[in-house]
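Dear colleague,

Please find below the structure that I am handing over to you. My notes on what was found in it follow directly after.

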Amino acid sequence: MTRLRILCYALPFVLLFGCSDETTVYENQDGDVALENDQNVLAKDVVLDAAGVLDVTAFTKSANKFSKPGDEDAQATDFPMELVAQIKPPKYSNAQNLTASHVYLEGNYAYVSYNTPEAQYAGALDIIDISDPRNPYIRSRLHYTNADINAITYSNGYVYAAGGFDSEKSTRSEENSFVARLSASNGYFSTSNIKYAFQEGFVGNGVMVLDGSIYVTSGRDGVLGSYEPNTLDLQNSYTYQDLRSIAYKDNTFALLDGGTGVRLLDGNFQSTGDIAITTDLGHAKRTLDFYDGHIVVSEGDKGAGVYDLSNGNLVKYIPIAIHPDGVASSDIVTNAVSANEELLFMANGGGGLAIAKNDNGQLETVGLIEIRGSINYVESKGDYLFAASGTEGLQIIKLNRPDTSLEAVCATYSTYWGTNRLTIADNDEKGYRGSKAFNRITVGKNADLTLCGSWTVRNDVRIEENGTLAMNGYMLIGSNSRKKKIVVEEGATLKIEGYFAIYGDIELKDGASVVFIGDGNEAYVSGQVKKGANVSVTGNFTDTLNKF
């Protein structure tokens with residue numbers, strides 16, 4: 001079995017080190033780190049086959065069940081999500097089973113770490129450019145052939161990665177856990193002057209940058225250590241029994257200790273309280289996060305434990321909502337949790353990816369995101385959600401929350417409450433604001449529908465004769481695996497102010513018109529724009545694929 005070898009050479013540019021509290025510069029002399037920037041190679045690992053509208057099944061309390069995708073009697077959900085892409089895990093000679101272990105989002109880049117569940121050590125790092133949701137790509141990739149990489153963060157042109165290797169194979173470190181500092185300028189890794197610091201513990205499993213320090217957790221019999229970002233000189237180190245995860249909010253550190261529970265510390269590492277957890281967390285990675293005055297912990301087959309931050313009391317467990325047939329019970333466990341504003345996401349292994357939110361004072365499961373694979377990790381920040389699903393790879397999901405700039409513009413319209421089949425009767429006029437996921441939309445003859453906010457449509461959209469559909473904000477129709485169409489009948493009008501995308505065709509019948517209002521508009525059409533006689537397309541817009 002090969003392992004990471006941190007080597008020292010009698011060369012002027014290599015700094016020697018002698019104990020686990022010191023720092024070294026590791027030069028890539030023996031191939032343990034391999035850089036891949038060839039876009040022809042990396043492009044093969046970006047899968048867009050299912051890109052587009054993502055099904056979210058809603059939980060109906062009154063019926064005590066989940067709706068099925070495409071059920072037109074179900075309520076329209078508040079989650080107009082889309083699958084941006086799937087990223088295949090890296091593969092190389094001794095690493096055929098890598099999975100994403102952590103994701104950090106900064107600006108237009110997603111920084112991803114990978115490890116392996118196998119006995120050997122192997123990992124990787126990716127930088128993924130998500131500036132264009134229609135065209136994400138892996139910008140740079142780094143293979144770690146002899147080390148697991150379990151956590152990643154970014155700051156000021158550098159990636160910091162925490163992981164583990166076999167210290168018994170090293171003559172330079174007696175510790176398994178490490179943190180690495182790698183140059184990552186403009187979205188590209190460099191293997192020059194990679195710095196490492198080592199710490200006591202089974203494996204590095206958490207890393208964050210805060211107030212000019214790098215914080216690292218290092219598992220069983222490990223530490224919470226702080227390091228100077230440029231030199232990785234050790235600043236402080238505190239011993240714990242079994243650290244699994246770290247979170248920070250409002251001058252409070254929350255450490256998940258597999259031996260005791262949640263340790264709460266202030267910004268000076270002084271204890272402010274402990275939250276006892278009786279769940280046996282086993283040896284798997286578990287995570288925690290802050291949510292609306294609470295700490296939420298992934299607790300395996302119990303689901304997610306919700307604890308009052310003020311007193312440490314257990315409020316409730318959010319159970320795993322589904323137990324699919326044919327899936328081993330050992331795989332139906334909550335592996336990770338991630339909070340993003342009002343939403344909490346739960347990676348439930350074979351139980352899927354669940355959405356929970358505060359519903360009349362109770363944090364409850366409200367939906368399931370229909371993605372394939374066993375979900376072993378989840379991370380959400382801003383308008384993005386990342387889910388690692390074993391052999392299905394890393395799935396990049398866009399939440400499509402309405403832009404805050406639309407709040408005043410949309411204020412005059414009402415919120416839509418109804419089924420996911422939106423039908424406007426002939427000669428009727430309706431306007432709605434907010435965000436919804438529809439199954440289909442039909443605007444009747446001489447009818448007028450205005451949608452202001454963020455909207456997805458799973459199936460077709462039809463505007464009947466002399467009808468008008470006006471959208472302001474964001475609208476997405478269909479997917480690569482389920483191509484759909486929007487039909488604008490004779491004399492009907494489609495008005496677009498914002499971003500409009502369809503995986504499929506636009507059919508403009510005789511006398512139909514498309515009107516782009518204002519500036520900054522964009523239209524993405526994967527199929528064709530089919531025009532009848534006397535069709536007009538007016539206004540300023542970017543025709544992404546030149547289909548008009």
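The structure, a predicted model, holds one disulfide, a term used here for a pair of cysteine sulfur atoms within 2.5 Å. The cysteines concerned are C410 and C452, with an S to S distance of 1.9 Å. The link of C410 and C452 is left-handed, with -70 degrees about the S-S bond. Because C410 lies in helix α2 (residues 407–410) and C452 in strand β39 (residues 448–457), the pair ties together parts that are 42 residues apart in sequence. Helices (H or I, at least four residues) and strands (E, at least two) are DSSP runs, numbered from the N terminus. C410 is buried, at a relative accessible area of 5%, and C452 also counts as buried, at 1%. Buried means under 20% relative accessible area, exposed over 50% and partly exposed in between, with a 1.4 Å probe and protein chains only.

As to the source, residues are numbered from 1 along each chain as its sequence is written. In this predicted model, local features need pLDDT of at least 70 and side-chain atom pairs count only at pLDDT 80 or more, while totals for chains, interfaces and linings use all residues; side-chain values use heavy atoms, with hydrogens and water left out.

I turn next to the open spaces. The largest pocket contains about 1000 Å³ of space. A pocket is an open set of points on a 1 Å grid over the protein atoms alone, with protein on both sides within 12 Å along at least five of seven lines; a cavity is a set of points where a 1.4 Å probe fits but cannot get out, and lining residues have an atom within 4 Å of a point. Grid points are joined across faces, edges and corners, and a volume is the space filled by probe spheres set on the points.

The largest pocket is lined by 36 residues, and N115, T116, H283, A284 and K285 are the closest to its centre. Strand β8 (99–106) gives the most to this lining, with three residues. By class, the lining of the largest pocket has eleven nonpolar, 17 polar and eight charged residues. Here Ala, Val, Leu, Ile, Met, Phe, Trp, Tyr, Cys and Pro count as nonpolar, Asp, Glu, Lys and Arg as charged, and the others, Gly among them, as polar.

In the second largest pocket there is about 850 Å³ of space. Its lining has 35 residues, with M208, I246, A247, D289 and E379 nearest the centre. Strand β20 provides the largest share of that lining, six residues. The lining of the second largest pocket comprises 19 nonpolar, eight polar and eight charged residues.

One cavity of 30 Å³ or more was found in the whole structure. The largest cavity has a volume of about 210 Å³, and D55, V56, N420, A437 and R458 are the closest to its centre among 21 lining residues. Strand β5 gives the most to the lining of this cavity, with three residues.

Finally, the search gave 20 aromatic pairs, that is, rings of Phe, Tyr and Trp (its six-membered ring) with centres within 6.5 Å; planes under 30 degrees apart count as stacked, over 60 as edge-to-face and the rest as tilted. Y384 and F386 form a stacked pair, at 6.2 Å centre to centre and 20 degrees between the planes, and both Y384 and F386 are buried. Y215, Y238, Y248, F253 and F269 are linked by ring pairs into a cluster.

With kind regards
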